[in-house]
Amino acid sequence: MKIFKVLIGILAISLTLNSCVVEVAEPQQHYDNTPSMSLYEKLQSYELWYVDINETTGYGEIPFLQKAFSLSFLNGTLYANNNLVGIGNTGNGFGIDVGYYNTYNTTLEVSHDIDGYWNMEVYQLASNKLELYHPPTNTSYFVYGYQRATFDYDLVFYDNIHYFIQEYESWEKVGTYGGSPTEFDAENFIQFLAGGNNSEFRSSQDIPGTPINNLYWDYTGLYEVYNFTNSNYVKALTLDYDYFDDEYFELSVINDGTIELYHPASGTVYEFIGRHYIQFLKGAEGKLKEKKRTKTALKNFKVPASNRNKLKK
């Protein structure tokens with residue numbers, strides 16, 4: 001009987017102690033909801049990370065992020081698409097090799113071939129959205145993960161079209177279709193100078209086929225790109241010509257070397273092809289074509305896009 005009472009007492013004490021135990025959950029890593037997935041694995045879980053430059057916060061700059069439209073993290077090598085021309089094809093869609101990376105807990109370490117060494121803290125904001133935070137400058141970049149097969153290349157072109165038209169040294173007119181005559185019929189070359197939106201353009205009336213170094217630029221003015229509220233796959237383009245009225249066009253991308261300008265006032269379609277592609281990377285001589293993106297909120301145009309069939313890239 002004594003042994004039985006002792007056993008009952010031990011059991012009661014054990015139950016009492018167990019009822020007082022509070023389970024403390026292991027803290028989850030901030031960059032993923034699955035504790036078993038490391039930051040290194042998370043970065044490789046998407047083939048492309050689109051850099052939404054317009055979401056950037058802070059006053060500092062990380063140069064390689066200002067240049068890149070997308071990043072890819074592949075087994076320690078960092079790839080970037082710094083150009084829209086060729087995106088989806090260059091490097092099998094990943095872009096060019098721009099450096100190396102490593103991770104430590106929630107820290108991303110990047111050694112960029114041109115821009116040097118950078119440390120950033122990584123925070124997961126959604127299943128495919130990461131914040132790359134640079135503490136020394138209190139600056140954050142936001143990237144969205146996609147697979148190559150589901151990435152909307154067309155939308156990326158149109159969201160950044162004011163940079164795309166700067167990736168060629170000139171655009172040469174190769175076709176004029178329909179419509180009534182306009183003064184713009186005489187313009188055979190257009191050049192969009194590097195910068196943000198509302199930058200300078202130049203136009204030339206030299207005959208088609210003229211080498212770019214021999215072009216005489218008849219006019220320099222300002223251009224601006226606008227959104228249409230009723231279409232994501234066409235933009236409004238205005239060219240500020242002082243000697244005749246400002247010209248308004250509907251700008252469509254046919255492919256990464258061809259654009260179409262539709263002139264609603266006359267019903268004329270102009271087709272231009274890009275000449276002398278500018279690639280933003282280190283060349284054989286170690287030189288780099290400088291380019292960076294800045295936050296640009298395109299304004300909405302005052303009239304909706306027409307009902308013409310729009311061609312996509």
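Author: Let us begin with a term: a salt bridge is a side-chain nitrogen of Lys or Arg within 4 Å of a carboxyl oxygen of Asp or Glu. Please keep in mind that this is a predicted model.

Reader: How many salt bridges does that rule give?

Author: The count comes to four salt bridges. One of them joins Glu 55 and Lys 129, whose closest N and O atoms are 3.1 Å apart. Glu 55 sits in the loop between strand 1 and helix 3 (63-67) while Lys 129 belongs to strand 7 (residues 129-134), so this pair ties together parts that are 74 residues apart in sequence.

Reader: And Lys 129, buried or exposed?

Author: Lys 129 is buried, with a relative accessible area of 17%, whereas Glu 55, at 24% relative accessibility, counts as partly exposed.

Reader: What does Lys 67 pair with?

Author: Lys 67 forms a salt bridge with Asp 115, with 3.2 Å between the closest N and O atoms. Since Lys 67 lies in helix 3 and Asp 115 in the loop between strand 5 (107-112) and strand 6 (116-126), the pair ties together parts that are 48 residues apart in sequence. Lys 67 counts as buried at 10% relative accessibility, and Asp 115 counts as buried at 18%.

Reader: Which residue forms a salt bridge with Glu 47?

Author: That is Arg 148, and the closest N and O atoms of the two are 3.0 Å apart. Arg 148 is in the loop between strand 8 (139-146) and helix 4 (153-159), and Glu 47 is in the loop between helix 2 (39-44) and strand 1 (48-51), so parts that are 101 residues apart in sequence are tied together by this pair. Arg 148 is partly exposed at 28% relative accessibility, and Glu 47 is partly exposed too, with a relative accessible area of 24%.

Reader: Which side chain reaches the backbone oxygen of Glu 47?

Author: The side chain of Ser 72 reaches that backbone oxygen at 2.6 Å. Ser 72 is part of strand 2 (residues 70-74) and counts as buried, its relative accessibility being 0%. If one leaves aside its neighbours within four places in sequence, the contacts of Ser 72 include Leu 48, Tyr 79 and Phe 94.

Reader: Switching to strands, what does strand 8 pair with?

Author: Strand 8 is joined to strand 1 by four bridges, the two running antiparallel, and strand 7 pairs with strand 8 in the antiparallel sense over six bridges. Seven of the eight residues of strand 8 are buried, so the strand is largely enclosed by the rest of the structure.

Reader: What about the hairpin of strand 7 and strand 8?

Author: There are four residues between the strands in that hairpin, and Asn 138 takes a positive phi near 55°.

Reader: Last topic: which residues touch the most other members of the largest nonpolar core?

Author: That core has 35 residues, and those touching the most other members are Phe 164, Phe 184, Phe 192, Leu 239 and Leu 261. Helix 4 gives the largest share of this core, four residues. A second, separate core of 26 residues has Leu 65, Leu 78, Val 98 and Met 120 among its members.

Note on methods: Residues are numbered from 1 along each chain as its sequence is written. This is a predicted model: local features need pLDDT of at least 70, side-chain atom pairs count only at pLDDT 80 or more; totals for chains, interfaces and linings use all residues. Side-chain values use heavy atoms; hydrogens and water are left out. Buried means under 20% relative accessible area, exposed over 50%, partly exposed in between (1.4 Å probe, protein chains only). A polar contact is a pair of N or O atoms within 3.5 Å; within protein, one must be able to donate a hydrogen and the other to accept it, and residues adjacent in sequence count only if both atoms are side-chain atoms. Contact means heavy atoms within 4.5 Å. A nonpolar core is a set of buried Ala, Val, Leu, Ile, Met, Phe, Trp, Tyr and Cys residues joined through side-chain atoms within 4.5 Å. Two strands pair if DSSP finds at least two bridges between them.
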